[in-house]
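Please look over the sequence and the model shown here before reading on. The paragraphs after them are meant to be read with both in view.

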Amino acid sequence: QKQIALFSMKSTDFNLHIRPRSKARPRSFMGQARPYMDKAYMQWKKDLWSMASEYWTQKPLDFCQKFEVVFHTAARGDIDNLLGGLFDALTSTKDEERLFIDDNVKVIGEVHCYWKHEPKIDKAHVWFRVYY
């Protein structure tokens, strides 16, 4: 019955030709007011959202029944950190231009996450589907 319910929901597929990236950890240094965040990671988030926004022009979702993702990349990093990086990019802007209002469990009900080995950087990409 759950399968039938998913088929009656709306869904959107995203196929982003960008190398998946693990969530960056903010670094604090003595005397700093705010933690330092890697500039390359910040740019990656902007680039990913720029691609995703070609698929998503609606208001941010306040609830998603199911989120499926496949990371096509080399064997590096932890899958939870790859997922964290993706969710950072999909929720990080403060305005209306984002996929989710937040990435907490009240917003994203179910996550299915997979990794497929793709050693060539130019073929690395992220595919995901959102059921809402």
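Predicted model: local features only at pLDDT ≥ 70, side-chain atom pairs only at ≥ 80, totals over all residues.

Residues are numbered from 1 along each chain as its sequence is written, and side-chain values use heavy atoms, with hydrogens and water left out.

The protein has three helices and four strands, where helices (H or I, at least four residues) and strands (E, at least two) are DSSP runs numbered from the N terminus. Read from the N terminus, these elements follow the order α-β-α-β-α-β-β. Of the 132 residues, 38% count as buried, a term that stands for under 20% relative accessible area, with exposed meaning over 50% and partly exposed the range in between (1.4 Å probe, protein chains only). The protein exposes about 8,500 Å², of which carbon and sulfur atoms supply 52%; accessible areas come from the Shrake-Rupley method with a 1.4 Å probe, and for residues only the protein chains shown count as cover. Among contacts (heavy atoms within 4.5 Å) with a separation of 6 or more, 82% are made by residues 24 or more positions apart.

Leaving aside neighbours within four places in sequence, valine 69 is in contact with Leu83, Leu86, His112, Cys113, Tyr114, Val126, Trp127 and Phe128. The C-alpha atom of valine 69 is separated by 7.9 Å from that of valine 111, although the two residues are 42 residues apart along the chain.

Is histidine 112 buried or partly exposed? Its relative accessible area is 25%, and histidine 112 is therefore partly exposed. With neighbours up to four places away set aside, histidine 112 is in contact with Lys66, Phe67, Glu68 and Val69. From histidine 112 to phenylalanine 67 the C-alpha distance is 6.2 Å, across 45 residues of sequence.

Beyond four places in sequence, threonine 73 is in contact with Arg19, Pro20, Leu82, Trp115, Lys116, His117, Glu118 and Ala124. Leucine 82, named in that list, is found in helix α3, residues 79-91, and is buried because its relative accessible area is 4%. Apart from neighbours within four places, leucine 82 is in contact with Pro20, Arg21, Ser22, Phe71 and Thr73. Leucine 82 and lysine 23 are 59 residues apart in sequence, yet their C-alpha atoms are 6.2 Å apart in space.

Leucine 61 gives an example from a loop, the one between α2 (39-52) and β2. At 11% relative accessibility, leucine 61 counts as buried. Not counting residues up to four places away in sequence, leucine 61 touches Trp56, Leu99, Phe100, Ile101, Val107, Val130 and Tyr132. The C-alpha atoms of leucine 61 and aspartate 102 are separated by 8.5 Å, the residues being 41 residues apart along the chain.

A search of the whole structure finds one cavity of 30 Å³ or more, a cavity being a set of points, on a 1 Å grid over the protein atoms alone, where a 1.4 Å probe fits but cannot get out. The largest cavity has a volume of about 50 Å³, taken as the space filled by probe spheres set on grid points that are joined across faces, edges and corners. Its lining residues, which have an atom within 4 Å of a point, are Arg19, Thr73, Ala74, Arg76, Glu118, Pro119, Lys120, Ile121 and Ala124. By class, this lining has four nonpolar, one polar and four charged residues; Ala, Val, Leu, Ile, Met, Phe, Trp, Tyr, Cys and Pro count as nonpolar, Asp, Glu, Lys and Arg as charged, and the others, Gly among them, as polar.

Finally, the cysteines deserve a look. A disulfide is a covalent bond between the sulfur atoms of two cysteines. Counted as a pair of cysteine sulfur atoms within 2.5 Å, disulfides number zero here. Cysteine 64 is buried, with a relative accessible area of 0%, whereas cysteine 113 is partly exposed at 25%.

Methods:
1 Å grid on protein atoms, 1.4 Å probe; cavity = no way out; pocket = protein on both sides within 12 Å on 5 of 7 lines; lining within 4 Å.
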